[in-house]
Structures are given as C-alpha cells and as structure tokens.
Amino acid sequence: MRRKLLFGERMILGDGTEAFNGIIPFRLKGTFTLEEIQQALVQLQNKHPWLRAHVIHDEENIPWFEVPEKVVPIPIREVPRTGEDDWQEESMKEWYMPFDHKKLPLIRFVWIKGEELSDMFFSFHHCLCDGGSAMTLLYEFLQVLDNPSADIGIEKPILGIQDIVPAAILNSRRQKLKAKFIGRVASTIIKYAPLGKKPIERQKDYMIHWKSDREFTQQLISYCKSNGFTVNTFLCAIVLRAFKKIRGKTALNKICCPVDIRRLTPQIKHDHIFAFGLMVEVSINEKMDFIDNVRQMQKTVKRKTAKLDPYNKMMVIESWHYALDDFTKILRNGKSTNDCMLSNLGLIQVPNDYKKFTLDTVFSPSALGPLGQTTGFVVSTFNGEMDFTFIGSEGYLKYSEALAIREEIIESIKQQMEYIAVS
C-alpha cells in the first residue's frame, strides 16, 4: 500500500533530515509492563496502515508513504520518572529528534516510567497526522491498553485527493481551471515576494504550561456561552490584547486559528490518520469595548469559516508542487505576518476511568518545526480542567515577554469575568 504525499505533507517533511514533530502527552495512574504497551501499539498499527509506513522517493524524487511487507513496530523510548515536569523536558527533547523515515515508522512512543504514576506520549512527524488524528490515537491506545481484545476496527486509509474531493468537483473542467489559475497566481506572488537573505534565526525554544481548575474553567465556559461567543474566540481576543500590551508597536494584531477539516469534509473520518490544515485569521478592533469586540470577532470567524472551501483549497494547493521550494523559502525567510497561532482542541472526549488504570490528565499537545513563526498556544479541556501549552522561540518572541504575556492572559480572563459578575 502506498500513496504520494500531498503538497502540505511534502513541505512539512522537507528532505526528512529536520524534525517537525507533534507531541501529545498524558498521565496514567496504574502499573504497566513493556509487553502490554507494545501489544497496544501493535493493535494501533494493525488498524492504521500509515502508522506502519515509511517514506520512500521515486525516480523523480517524489516522496510516497509506503507500507513495507515486514512491519517495523513503533519504537518505545523508556525514561525513569523523577518529577512532575519530566514530560515537558522529554517533550522538548522529542521536538528535535528526526525520524529515520526510510527505515522506521513516522511515530514513536515515550514512556516516562514511575511506580504507580507514568507520563506517556506519542511523538509523530507532523506530515503524518494532525491534532485530530492524535486524539484518536490516544482514545484507541487507552482502549486496547485496558482491554487487549477491544475491537477498534480497521481504517480504510485515504489514498489520495480523489478519496477526499468528490469526483464531480475533482473532474470538473471549470473547477480544474479555477484551481490551476488561483494556484499559478499565488505561486507567482510567492516567487517574487521580497525575502531576507537568510532564514530567521530561531534561537532557543521554550514551553510554558499551565492549567485552570474545574471551577475557573466552568466559569469561563459559562461566561462565553452567556455572551454568545465561543471560548476560542474569547481566548483570541484575550491573547491579542495581551500581545498588544506587552509588545506595544511590535504586536501585529493578527492571530491564526486552525479549523478542523473533518467538520467540513465528511470524506475524512474522525479516525483517519491525516494532516491538512485550514486556517482563519482574526484581529481585534481597538476602538470597540471588549464584549462588542469579541462578538464582532465571532461574526468574522463564522463568516470566514463558511467561506472555506476545502475541496477547492485542496485542488489549488495540489497545483503548487512545482513551486515547493519557493513556498518553503518564504516560510523560512519571510517576516512573521501574525502574532501567534491559537489551536483550541476543545473538550477531549476520552474516558478517564478504566479497569486497569486511570487517565489522570491529558496535557495540551505541542508541535515545533523549522518552517517560520513558532509562537503558538494549544488549549484543551479534560476532566473539567482547561490546559494551556504556550510554545515559542527567542528569535520570534523573547521568553521574558512570553512569561509576561502568560501572566497578562491569566489576569485579563479573571478581570473580565469579575467585571461581568459585578455588573
């Protein structure tokens, strides 16, 4: 079984020598054997073909996912657990560990082993899967770790764009010409865009993590619901205001938010191992008060999301393969056009009680790669607690500024909810 990498996957993979890894950490209460973990990972590979795949290049140097006849098990790295924050240290180590994609799967497993408490995580190349796929892996892994005979099914994998874009659209002459025209215009603009002579020096990377307790999380969710906007839009406004306050004139007043393509394309199932990004970008109007601002932003998000055409977008992007080097260069050498990315995974729909163990917590994932702006937040809610992972690099955002932004975000959320409670 094999398929060509799509344009976005090729760009993320690069030449395969640089890490572009996503991490999804979680904490379990219980005792485990290496054999139990190995067997659970085997069952994941049995279901999902691309978890068995390597990347090979054809005679034209085009990369393909290919499942070998002899399956290589998902590697496991064991680390003794010495403290509460080991998972952060090990996550950051994994950011920099490339995959040997010619010989091994594009995923590995890390077990930070304690006597009755273990931190674990999947580390995967971002060209393999996105946050949605990662959450599916977590859900299925815990099922089969608890019950090896659990039936998690067999994935019918996506073998190309034809499995996503309906044939009537994919084969439409009008749609083909439209996609090709838009693609050519975009790639021409990229080709002649002014760039720096060298990639921006990323410098030291960092991770900042914090949680909100159940009471505070519920207050925040209720506050947003009563005001008619989502938690995601509220957080975008809070984050943008924090950047403006701390960074002043250097703040760009723009934030990017990923949109899960599965919401818009029924062909991509929740358990497909797949990675394709759709984005919306929003800003705040500094002349409006906070509540009106967030409501206006919510209308903007709704309008922009409704205009997203994933089928046309995929066809356009697939017309860019010939300009891959130009797109990669602008990401490496171009200036940042936004303050950060904010990805809210929402409520993580994974049980916490099992027969053999308890899922104590799920930490918000992180991802770091070599292509451009690294500043980003990932937010998720598990077991009633909202969890924040804030990553960045000194070359884009100083660590001292990031800490100040974190404090401003926490304080602004508290102040806004207190203001509403009083009024």
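1. A word on the model: it is predicted, so local features need pLDDT of at least 70 and side-chain atom pairs count only at pLDDT 80 or more, while totals for chains, interfaces and linings use all residues. Residues are numbered from 1 along each chain as its sequence is written, and side-chain values use heavy atoms, with hydrogens and water left out.

2. You can find 21 aromatic pairs here. Rings of Phe, Tyr and Trp (its six-membered ring) pair if their centres lie within 6.5 Å; planes under 30 degrees apart are stacked, over 60 edge-to-face, and the rest tilted.

3. Take Phe32 and Phe357: the ring centres are 5.6 Å apart and the planes meet at 55°, so this pair is tilted. Phe32 sits in the loop between strand S2 (21–29) and helix H2 (34–47), and Phe357 in the loop between strands S11 (340–347) and S12 (358–362), so the pair ties together parts 325 residues apart in sequence. Helices (H or I, at least four residues) and strands (E, at least two) are DSSP runs, numbered from the N terminus.

4. Is Phe357 buried or exposed? Its relative accessibility is 2%, so Phe357 counts as buried; Phe32, at 11%, is buried too. Buried means under 20% relative accessible area, exposed over 50%, and partly exposed in between (1.4 Å probe, protein chains only).

5. Now look at Tyr223 and Phe229, an edge-to-face pair with 6.0 Å between centres and 65° between planes. Both residues, Tyr223 and Phe229, are buried.

6. Finally, Phe26, Phe109, Phe122 and Phe141 make up one aromatic cluster.
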